[in-house]
Amino acid sequence: QVQLVESGGGLVQAGGSLRLSCAASGSIFSITAMNWYRQAPGNQREWVARITTSGLTNYADSVKGRFTISRDNAKNTVYLQMNSLKPEDTAVYLCNAVSSGPLGPYVYWGQGTQVTVSS
């Protein structure tokens, strides 16, 4: 079992910045990658960024150049630094952890943190 807790959301003006955190606990040794997703009201959940245990990162085109995903292994925490925020970035941001196990991969989700960008 892996538990994930997101924090750092809030209200920010367009052009501003926020840093989200996702703290992992439990069977963290089984985690192979962690992702950030977001979901705006009425929209499907959208993948935002990914980081593997080896530090490889990938980004959705909509956030490339503005968002940075990183990890602090000592704190078992993944971050999402969001710069140059736009109103269309408004959403609930959720992190997930992809865990390997004897029955195959399993995905754990956090509860999400709200990000609101005002114009």
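This report looks at a disulfide, a nonpolar core and some ring contacts in a predicted model.

Residues are numbered from 1 along each chain as its sequence is written. Because the model is predicted, local features need pLDDT of at least 70 and side-chain atom pairs count only at pLDDT 80 or more, while totals for chains, interfaces and linings use all residues; side-chain values use heavy atoms, without hydrogens or water.

Let's start with the disulfide, meaning a pair of cysteine sulfur atoms within 2.5 Å. The structure has one, and it joins Cys22 to Cys95 with 1.9 Å from S to S. The two cysteines are 73 residues apart, with Cys22 in strand E3 (residues 18–26) and Cys95 in strand E9 (residues 91–99); strands here are DSSP runs (E, at least two residues) numbered from the N terminus. Cys22 is buried, at 0% relative accessible area, and Cys95 is buried too, at 1%; buried means under 20%, using a 1.4 Å probe and protein chains only.

Next comes the largest nonpolar core, which has 30 residues. Such a core is a set of buried Ala, Val, Leu, Ile, Met, Phe, Trp, Tyr and Cys residues joined through side-chain atoms within 4.5 Å. Tyr93 is one of the members that touch the most others. Beyond four places in sequence, Tyr93 is in contact (heavy atoms within 4.5 Å) with residues including Trp36, Leu80 and Met82.

Finally, here are two charges over rings, where NZ of Lys or CZ of Arg is within 6 Å of the ring centre and within 35 degrees of the ring normal.

| Charged residue | Ring | Distance to ring centre |
|---|---|---|
| Arg19 | Tyr79 | 4.1 Å |
| Arg45 | Trp109 | 4.5 Å |

Technical notes: Helices (H or I, at least four residues) and strands (E, at least two) are DSSP runs, numbered from the N terminus. Buried means under 20% relative accessible area, exposed over 50%, partly exposed in between (1.4 Å probe, protein chains only).
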